[in-house]
Amino acid sequence: MKERRVLVVEDERTIAESVAARLRAEGFAVEIAVDGPSAVEQFRTGQPDLVVLDVMLPGFDGLEVCRRIQAVRPVPVLMLTARDDETDLLVGLAVGADDYLTKPFSMRELAARVHVLLRRVERAATTPAPPALRLGDIEINEAERRVRRAGADVHLTPTEFDLLVHLAGRPRTVLHRERLLAEVWGWAEGSGTRTVDSHVKALRRKLGADLIRTVHGVGYALEVPS
């Protein structure tokens with residue numbers, strides 16, 4: 001099996017080395033970048049399969065790094081943030097991040113998130129895609145991983161796309177947050193329900209607030225647009 005490559009972008013050397021050591025122990029080839037410009041350059045030359053990306057960086061921040069690398073080639077991005085601020089998290093998801101961890105975090109959880117993101121990408125690449133799905137004025141093409149609403153292309157991150165497909169496969173059915181975490185993210189425990197909430201908000205912002213209905217204390221349902 002091809003050795004998978006991870007780029008760790010973190011300007012705090014102790015954290016960077018700790019993350020790199022854990023991921024190397026998990027069998028990954030790891031490179032470290034310590035600022036925004038070097039991160040983009042190492043992404044171009046190293047062709048990593050996944051990026052672990054801190055938000056606060058010298059040169060330019062992690063959000064700009066994420067924008068630039070996603071413009072080069074779509075890749076799973078796990079963002080690290082020192083602040084548990086919902087606006088920051090939504091901006092990160094909007095520019096192409098797939099998941100996030102708030103510092104301090106456990107290395108065990110970070111490694112688990114990396115494995116889940118890579119498994120999801122690999123599964124999407126090998127699973128035959130069904131025909132395009134139409135729900136009202138929304139078209140979801142799984143083969144091309146493209147979404148259009150009212151004839152206009154809508155750019156979604158890989159995780160946003162997978163979440164939308166999952167909801168669209170059961171329109172008007174309320175799916176519990178814990179179930180979405182297990183089936184979309186592959187998390188066996190339900191402690192990350194805020195991750196689901198943040199991705200739903202990102203989908204509403206990109207596709208319209210009318211698309212997904214919240215059932216408070218339970219979960220979400222996709223409403224078929226007219």
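Mentor: Arg134 and Glu139 meet through their side chains in a salt bridge, 3.2 Å from N to O. This is a predicted model, where local features need pLDDT of at least 70, side-chain atom pairs count only at pLDDT 80 or more, and totals for chains, interfaces and linings use all residues. Residues are numbered from 1 along each chain as its sequence is written, and side-chain values use heavy atoms, with hydrogens and water left out.

Trainee: Why is the pair Arg134 and Glu139 called a salt bridge?

Mentor: The term asks for a side-chain nitrogen of Lys or Arg within 4 Å of a carboxyl oxygen of Asp or Glu. Arg134 and Glu139 come to 3.2 Å, so the label applies. By this rule the count is 20 salt bridges.

Trainee: What makes Arg134 exposed?

Mentor: Its relative accessible area is 61%. Exposed means over 50%, buried under 20%, and partly exposed in between (1.4 Å probe, protein chains only). So Arg134 is exposed.

Trainee: Which parts does the salt bridge of Lys206 and Glu160 tie together?

Mentor: Lys206 and Glu160 have their closest N and O atoms 2.7 Å apart. Lys206 lies in helix 8 and Glu160 in helix 6, so the pair ties together parts 46 residues apart in sequence. Both residues are buried.

Trainee: Is Asp54 buried or exposed?

Mentor: Buried, because its relative accessibility is 3%. Asp54 belongs to strand 3 (residues 50-54).

Trainee: Which residues does Asp54 contact?

Mentor: Contact means heavy atoms within 4.5 Å. Leaving aside neighbours within four places in sequence, Asp54 contacts Val9, Glu10, Asp11, Gly62, Leu80, Thr81 and Lys103.

Trainee: What feature does UniProt place at Asp54?

Mentor: The unreviewed UniProt entry places "modified residue: 4-aspartylphosphate" there. Such annotations may be inferred rather than shown by experiment.

Definitions and conventions
Helix = DSSP H or I, 4+ residues; strand = E, 2+ residues; numbered from the N terminus.
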